[in-house]
Amino acid sequence: MPESSRAIQFERSANDVYVSVLKSAKDTTAEQIKTAFEMSRFAEALLVDENVFEQVLKNFKQWQLSEQTPSSRYSERIATLEDARLYVIISDDHMTATLSCDAAQGGTPIERQDVLEALKGAGVVAGIKRKMVDKIINHAKNVEPGSHFDAIIARGVTAKNGHNAWFERLVDDARQRVLRPQEREDGTVDMRDLGEQITVLEGDPLLRKHPPTKGRHGCTVKGDVIEAFDGEDTDMAPGEGARFDDNDPMTIIAARTGMPWFTHNSASVDDVLTLKTVDVSTGHVKFKGSVIVTGNVTEGMRVECTGDITVAGYVDSAHLFAGGSITVRKGCIGHISSEDEQRLQSDEAYIPHLSSKLHANDSIWCAYAQYAFLKCNQSLTIDRQLTHCHVVCHGEAFIGGQDNSARGKIIGGTFETCAHICAGQLGARAGTLTRFILSVPPPPVSTLQALSQLYYQLRAITYRLRRVEKGITRCQSLANSEQQKSLKHSLVTGAKSELERLRSIQNDLKVMRASLKNHTTLRIMAAKEVFPGVQLEYDHKKLRIKEHRGGTLLLLKDHELRMDILR
């Protein structure tokens, strides 16, 4: 139908728009044709060329001059009516669906039914944002004709695994007391004041279990279920000196008065043996519980217990073995035999036998130590100085403080560790050989747990794929062909989903195993100074200090020994 009876008219034929110019309109210009088009109902149509109006005018003039022009109007195609176009883009993990839209150019705009049909055609059946459909339709009406925009129209639901059972400690662990020196009123820390002994009375609650939670299955935008795993349960077990609460089976309480200590899922209460001194009058001490010595442990004596050992005085050429922590309020003094001293002069790598030994399954705290063997699985804290000691420490070591405030000294001896060390001074002016034998820190527990969880998921998926394989084999025996076809399709779809998850987990495992080859940087900080004779060793590599230095940071980084200025 013609637009009007004016000299310049526009009409539609299928999806094309034609301009019609009256033959007698000799003074028509390209600008007039353009203005007329922009005022017509076809103004949003897609022009066939950006210079179409000039071209139409040129062709019209040539047509006017032609002798064979029986028609009273000149007609030419100038534009196309483009309907709105919709595309649904689904992410690789099928967790989001994005609606990619090209707005109409004079054609049919986006309608609600168009969106729903596009989603259905792409297989999007879950997580559709109904309100977003209306927003997309309204937005398409207000944008420039032919413009492109994207909008997320559906989101899947992420699977949420349940939490494993966990255990809440209701009192402090007596074996961790050494890790928390007391804070003074002025905010500084008194490394000598470790606080009062932690004790509990019979009936005091010790440990509470929080049960595992159920997992919440997820769903892709295509409706595929993403399986979640329920949290794993762990039994709670009272240790010696503890029992379950009669009124609450999820709580362990103390069965006697003593010092509490914990493992992951258990609580125990140690008996406490208190002695004034350990010498020839008492004999060696072997006790199932914790031992407190208010005086000294004298030469040649041995104290062994399953709990903590606390010595208020000195340890003099004695052996202490604790299942928990060891605390020596004053100092640990030993000596070296003359034979070992002579051998050490000829072989600097030789590690001599020392007369004092402190061996703790947890931590060690000592005011100072000289010619002593110290071994602990957790932290080592020395208030003042280590002199010619052999240390094997699997946790961090603090010699006279922490970080830049450390003022303690490590002079001579051998220090084996896989964790950080903070000290004020390393070595001595005399150039005393002070060895640090380093090993790579173990990966964090969280990383190992995540790796274990991935292997668990891998085993679960493998098990399900085997079941699917058996199901496909069995469905061949069904007499009903339609039922057989439907069941097989369902099994194959499930197998594809499981294979996608399998590939994802395999990629995660690859990344995690690669990360385990790297290690966290191990730092030995000398806050004040380092003297010649200090030597770092790692895997047949050595780094020896040859000059007196100020504050220094010694590093094991990327399996290489390095040195840097302490900033």
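Modeller: The axes of helix α3 (residues 112–121) and helix α4 (residues 130–142) come within 9 Å and cross at roughly 125 degrees. That angle makes α3 oblique to α4, because oblique covers whatever is left after under 35 degrees (roughly parallel), over 145 (roughly antiparallel) and 65 to 115 (roughly perpendicular). Axes here are lines fitted to C-alpha atoms, for helices over the stretch in contact, with angles from 0 to 180 degrees between N-to-C directions. The model is predicted: local features need pLDDT of at least 70, side-chain atom pairs count only at pLDDT 80 or more, and totals for chains, interfaces and linings use all residues. Residues are numbered from 1 along each chain as its sequence is written, and side-chain values use heavy atoms, leaving out hydrogens and water.

Now the residues in contact (heavy atoms within 4.5 Å). From α3, Arg-112, Val-115 and Leu-116 meet Arg-130, Val-133, Asp-134 and Ile-137 of α4. By class, this contact has 4 nonpolar, no polar and 3 charged residues. Nonpolar means Ala, Val, Leu, Ile, Met, Phe, Trp, Tyr, Cys and Pro; charged means Asp, Glu, Lys and Arg; the others, Gly among them, are polar.

Next, the strands. Helices (H or I, at least four residues) and strands (E, at least two) are DSSP runs, numbered from the N terminus. Two strands pair if DSSP finds at least two bridges between them. Strand β11 (residues 205–210) runs antiparallel to β8 (residues 166–169), joined by 4 bridges. There, Trp-166 stands opposite His-210. β11 also runs antiparallel to β16 (residues 248–254), with 3 bridges. Leu-207 faces Ile-252 across that pairing.
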